Amino acid sequence: MPPSAHSFTQLANHTSRVQQCESNNHEQLGSDKPPCTSRTYSDAHIKVSEKLKELVFQQMGGNPVGFRWPGSSKDSHNNHGNEEIEMVIERPYDDNPTNNIQVVGTCICCRSSLRYPKTVPCFRCVVCLTINDLHPVHGKLDHSQKEDNPSTISAALVFQKIKETRSCLKNARRKKDKQTYTMAILSLQQFLSRLFRNSYILLQTFSTTERVYKTCGLNFNDIWLMYEQLMSLDPSIMEEVLKATDCLLRRPKQHCYDITHYRFLLILLENPLITYNNRDKKHSKLGILKRILGILSNLGNEAHRYFICWFTQGPYRKASFFRDKVDLVNGFIGQRLSKQCERIQYNYSYNADWQIRAAAISMALLYGANCQMNLVVKSSFYCTMVDYVNLNKDFELWEQKRNYFTFCQYPFLLSMGAKVKIMQFDTRRQMEYRAREAFFSSILSKKAVEPYLILRVRRNHLLADSLRQVSKPGIDLKKSLKVEFVNEEGVDAGGLKKEWLLLLSREIFDPSFGLFESYPDEQTDYVWFNTDNASVNKEYYHLVGVLMGMAVYNSVNLDVRLPPVCYKKLLGLPLTLNDVAEFRPSLTNGLRALLEFEGDVEETYGLNFTINVPTERGYKTVELIKDGSYISLDNKNKREYVVAYSDYLLNKSVKSPFSTFQEGFLKVCGGNALSLFQEQEIEKLVRGNEEHINWDLLRATCTYDMYNRETVCRQSGRVHERRSHMLNNHAVQKTLAIAWLWDVIFSLTEEKQRRLLVFMTGSDRIPATGIQSIQLRVSILGPDTEKLPIAHTCFNQLCIWEYSTKEKLEQKLNRAIYETKGFGLR
């Protein structure tokens with residue numbers, strides 16, 4: 001907001017009343033003070049003091065427009081030669097108080113709130129210097145130049161001008177005629193300046209005959225060809241295009257009075273200089289790109305729906321093209337965030353940066369288009385620089401629901417690692433709260449209260465013991481989990497709970513147990529809720545939900561084979577026929593064949609709105625809709641049949657078990673952090689990555705701990721003193737046991753390698769954040785012995801002995817990973 005006019009009215013206290021009224025009219029564009037309502041305008045051409053005029057414009061943030069008072073010479077300004085834009089301000093010649101009302105509007109580029117008089121035709125934003133037209137010119141153009149007439153302008157004319165210029169430049173170079181060379185460039189620059197300074201002409205030049213409400217209606221081939229040919233000419237030509245583009249974006253609403261007229265932004269986005277690393281500070285790619293993204297982000301919901309549709313048409317349907325646009329916006333966000341360190345001394349915060357907010361909203365439009373096309377993987381929208389911001393503070397601001405920009409509002413920008421950090425912060429915060437609550441409760445009640453959730457289970461009665469303790473009334477499942485196996489040594493520092501969760505998940509998700517059913521004929525390894533087995537305790541579904549919630553809550557991967565649609569249901573996302581195809585592909589192919597069938601459906605299929613469902617005693621008939629047995633399937637209602645069938649498989653048939661499962665899951669890890677994840681990311685949190693184990697990367701990050709041979713004193717075969725010390729990778733290369741160990745690991749099959757990973761870490765899957773999250777540690781405990789290797793799953797540590805031969809090491813390692821269970825041999 002510009003400051004009040006009080007500062008410069010004191011400078012004019014000795015001027016005449018006419019001069020005061022003139023200055024008050026200047027204040028209409030930049031002051032909160034009401035304009036002068038006096039009729040003292042006898043001489044409308046009295047010149048305002050230059051010093052006072054300069055101060056007025058200075059208070060407005062600079063000279064925004066070239067003013068022309070009514071009656072002044074039209075030739076006083078040259079719009080094409082000067083970057084200033086001519087504007088006529090009509091004076092209020094009446095005393096109507098409604099014309100002097102101050103209204104508040106928002107800038108179309110940065111969305112800043114500005115106050116201006118109701119009668120002005122436009123106002124200039126003092127934040128981003130964008131001129132906002134309140135009443136756009138409805139296609140009114142200056143037809144003094146034939147090239148500006150939209151009925152004659154065309155892409156052919158543009159290419160003709162470029163061709164003529166190229167020919168003139170070629171001849172001028174050959175003749176070394178600098179004047180002709182300069183004049184040819186100047187002529188093309190003037191033509192391009194008129195083209196790129198008017199959005200209406202620009203659209204008419206590259207528009208097609210297609211309907212713009214369904215397609216973008218632009219000829220991208222001509223657009224690319226034009227930019228390509230201009231880039232091959234003198235660099236000053238593209239500089240003029242950038243200047244004209246910048247001028248257009250500083251007053252974008254002048255010729256845009258319809259949503260479709262903002263399609264000129266798509267033309268400007270194809271400028272190759274925007275994607276280049278241009279170091280020109282005045283017309284850099286960031287200066288133009290920030291205005292394009294700013295305008296695009298503030299067009300409103302209706303316009304955004306059109307842009308999402310246009311982002312699914314034309315060249316945007318190509319994965320490489322679409323990914324380039326995503327990378328362009330991601331790069332812009334990263335560029336803005338990288339300046340945060342430079343502005344820390346100025347108390348800079350990205351939460352108040354309108355450019356980052358505009359880029360995030362623009363990325364949301366691309367993300368919405370990709371959700372319709374599934375063109376690129378959703379991880380392509382991750383912005384790496386966001387991982388380095390204060391995510392905990394960002395999450396807390398988002399939870400407070402204040403009027404701040406936060407990246408949590410646009411979770412598709414957050415990488416998997418960033419979301420895991422937020423969830424770990426939320427988890428740690430809740431665990432600390434529970435522990436603090438338990439501490440104060442113990443003081444008030446004078447009774448010892450356990451700050452941890454301790455589960456004591458027998459290995460042979462894992463399911464029964466787990467269900468009994470998890471289902472206790474008043475149990476707090478949000479406490480930090482610790483597991484104890486009865487009659488077994490070991491203190492849980494993370495490894496025991498991983499083993500408990502892994503063993504329990506394998507047992508409870510076994511189709512033979514009856515909670516879930518598999519589909520061998522579908523050639524998928526997914527399982528789905530079994531609604532027919534009445535002999536199984538339904539409370540086990542609550543245990544499954546708690547189990548999965550604890551796995552997410554404690555960052556443990558499980559061997560769970562639920563399809564992705566299960567995680568979509570947990571997040572409350574809408575379901576489609578494609579979700580059925582993930583675990584019932586054969587059935588889905590039949591339903592799609594029904595939708596594509598062009599013959600007589602009723603005569604060919606002979607079905608009604610009922611299906612036969614297999615049970616333990618045979619089959620039972622289920623109506624998909626009310627009175628479905630009396631409704632025949634035909635060509636008119638076949639789509640309704642497919643929707644009802646899908647709804648039965650995904651919702652109605654599993655309503656009771658899934659609600660119990662969901663209640664248990666949300667009882668543990670329900671919270672704001674969970675809503676940041678997508679269904680694929682929740683699946684990775686539960687199951688981990690199924691990608692191939694990169695043992696080379698594990699070897700590169702592995703640390704070693706080896707006993708010191710010099711301090712081993714042997715007497716009667718007993719070791720009296722033993723001391724270990726850490727060694728780096730280079731120093732251990734000379735130790736044969738380490739070299740043999742990695743040779744053995746690389747020679748194992750993939751199945752044995754996964755068993756070894758379970759033996760070392762307690763899980764056979766890679767964490768959701770990638771294999772780099774696993775920090776292995778190998779220790780050599782002492783000289784050669786007949787003992788087996790030892791593992792500490794809490795610390796991802798493998799302990800071996802300095803075996804005498806490689807074969808002996810391989811034999812002992814194989815026996816350890818196959819014949820050990822818990823804290824001993826099987």
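In α30, residues E751, K752, R755, L756 and F759 meet L813, N814, A816, I817 and Y818 of α31; contact here means heavy atoms within 4.5 Å. The residues of this contact divide into 6 nonpolar, 1 polar and 3 charged.

Before the geometry, the provenance. This is a predicted model, with residues numbered from 1 along each chain as its sequence is written. Local features need pLDDT of at least 70 and side-chain atom pairs count only at pLDDT 80 or more, while totals for chains, interfaces and linings use all residues; side-chain values use heavy atoms, with hydrogens and water left out.

Helix α30 covers residues 750-761 and helix α31 covers residues 806-819; they pack at an angle of about 70°, with their axes 9 Å apart. That makes α30 roughly perpendicular to α31. The classes are: under 35 degrees roughly parallel, over 145 roughly antiparallel, 65 to 115 roughly perpendicular, and the rest oblique. Axes are lines fitted to C-alpha atoms, for helices over the stretch in contact, and angles run from 0 to 180 degrees between N-to-C directions. Helices (H or I, at least four residues) and strands (E, at least two) are DSSP runs, numbered from the N terminus.

Now another helix pair. The axes of α7 (residues 220-231) and α8 (residues 235-250) lie 8 Å apart, at an angle of about 130°. That makes α7 oblique to α8. Y227, L230 and M231 in α7 meet I237, M238 and V241 in α8. What kinds of residue make up this contact? The division is 6 nonpolar, no polar and no charged.

On to the whole protein. There are 31 helices and 21 strands. Of the 826 residues, 49% are buried; buried means under 20% relative accessible area, exposed over 50%, and partly exposed in between (1.4 Å probe, protein chains only). Among contacts between residues at least 6 apart in sequence, 67% join residues at least 24 apart.

Next, the aromatics. The structure holds 35 aromatic pairs. Rings of Phe, Tyr and Trp (its six-membered ring) pair if their centres lie within 6.5 Å; planes under 30 degrees apart count as stacked, over 60 as edge-to-face and the rest as tilted. Y367 and F381 have ring centres 5.2 Å apart and planes at 85°, so this pair is edge-to-face. Y367 lies in helix α14 (residues 354-373) and F381 in the loop between α14 and α15 (391-400), so the pair ties together parts that are 14 residues apart in sequence. Y367 counts as buried at 15% relative accessibility, and F381 counts as buried at 0%.

W742 and F746 form a tilted pair, 6.2 Å centre to centre with 35° between the planes. Both lie in helix α29 (residues 736-747), 4 residues apart, about one turn of the helix. W742 is buried at 2% relative accessible area, whereas F746 is partly exposed at 34%. Ring pairs also link a cluster, with F509, F516 and W528 among its members.

Last, backbone angles. R111 is not a glycine, yet has a positive phi of about 60°. R111 sits in the loop between β3 (102-106) and β4 (113-117) and is partly exposed at 47% relative accessibility. L129, also not a glycine, has a positive phi of about 60°. L129 is in the loop between β5 (122-124) and β6 (131-133), partly exposed at 27% relative accessible area.

Definitions and conventions:
Ala, Val, Leu, Ile, Met, Phe, Trp, Tyr, Cys and Pro count as nonpolar, Asp, Glu, Lys and Arg as charged, and the others, Gly among them, as polar.
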